[in-house]
Amino acid sequence: MDPSDFEKLIADYFLKRGFVDAKVIGQACDRGVDVLATNTEGELELIQCKRYREGNNIGSAPIQCVDSYMRSRKAKKAWVITTSDFTKEGKDEARVTHVNIVNGQALIKSLELYYPGKYML
């Protein structure tokens with residue numbers, strides 16, 4: 001799956017989870033946000049998608065970027081979702097900033113609820 005298809009999947013996944021809207025905006029110079037989602041309360045949530053190979057783990061920089069974008073746009077939540085995992089620094093940054101992180105194993109488990117048997121790492 002290419003990165004663009006991964007972003008589309010994550011947007012669809014948020015819609016299946018009950019969000020009222022999810023739009024892919026990711027492209028070059030996206031400032032660390034690939035999907036804009038609106039939750040059931042009408043609040044904006046920002047999602048950064050990282051389709052990385054196993055072992056290519058996410059550090060603190062993408063989490064800092066999405067946190068900054070969330071604050072400047074007054075969004076309710078920010079997410080970083082990856083097919084790989086997060087470094088110790090990335091996990092710590094998420095804890096400090098309250099950015100929601102989802103690694104590949106958790107993502108596949110959750111996707112299984114909405115797309116049984118369709119996706120694997």
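The structure is a predicted model, in which local features need pLDDT of at least 70 and side-chain atom pairs count only at pLDDT 80 or more, while totals for chains, interfaces and linings use all residues. Residues are numbered from 1 along each chain as its sequence is written, and side-chain values use heavy atoms, with hydrogens and water left out. The structure holds five aromatic pairs. Helix H1 packs with helix H4, and helix H2 packs with helix H3.

**Aromatic rings**

- Rings of Phe, Tyr and Trp (its six-membered ring) pair if their centres lie within 6.5 Å; planes under 30 degrees apart count as stacked, over 60 as edge-to-face and the rest as tilted.
- There are five aromatic pairs in the structure. One of them joins Tyr-13 and Phe-14, which are edge-to-face at 5.6 Å centre to centre, with 90 degrees between the planes.
- The pair of Tyr-115 and Tyr-119 is edge-to-face because the ring centres are 5.5 Å apart and the planes stand at 85 degrees.
- Tyr-13 and Phe-14 are both buried, a term for residues under 20% relative accessible area, with exposed meaning over 50% and partly exposed in between (1.4 Å probe, protein chains only).
- Tyr-115 is buried at a relative accessible area of 10%, whereas Tyr-119 is partly exposed at 22%.
- One aromatic cluster is formed by Tyr-13, Phe-14, Phe-19, Trp-79 and Tyr-114.

**Charges over rings**

- A charge sits over a ring if NZ of Lys or CZ of Arg is within 6 Å of the ring centre and within 35 degrees of the ring normal.
- Arg-17 lies over the face of Phe-14, 4.8 Å from the ring centre.
- The ring of Tyr-69 has the charged end of Arg-73 over it, at 4.2 Å from the ring centre.

**Helix packing**

- Helices (H or I, at least four residues) and strands (E, at least two) are DSSP runs, numbered from the N terminus.
- Axes are lines fitted to C-alpha atoms, for helices over the stretch in contact, and angles run from 0 to 180 degrees between N-to-C directions.
- The axes of H1 (residues 3-16) and H4 (residues 104-114) come within 11 Å and cross at roughly 60 degrees. H1 is therefore oblique to H4, given that angles under 35 degrees count as roughly parallel, over 145 as roughly antiparallel, 65 to 115 as roughly perpendicular and the rest as oblique.
- In this packing, Phe-6, Leu-9, Ile-10, Tyr-13 and Lys-16 of H1 meet Leu-107, Ser-110, Leu-111 and Tyr-114 of H4, where contact means heavy atoms within 4.5 Å.
- H2 (residues 60-73) and H3 (residues 88-97) pack at an angle of about 20 degrees, with their axes 8 Å apart. These two helices are therefore roughly parallel to each other.
- On the H2 side, Ser-60, Ile-63, Gln-64, Asp-67 and Arg-71 meet Glu-89, Gly-90, Glu-93, Ala-94 and Thr-97 of H3.

**Two individual residues**

- Asp-67 lies in H2 and is buried, with a relative accessible area of 8%. Not counting residues up to four places away in sequence, Asp-67 touches Thr-97 and Val-99.
- Arg-17 is in the loop between H1 and strand E1 (21-24) and is partly exposed, at 33% relative accessibility.
- Leaving aside neighbours within four places in sequence, Arg-17 is in contact with Trp-79 and Tyr-114. The C-alpha atoms of Arg-17 and Tyr-114 are separated by 8.3 Å, although these residues are 97 residues apart along the chain.
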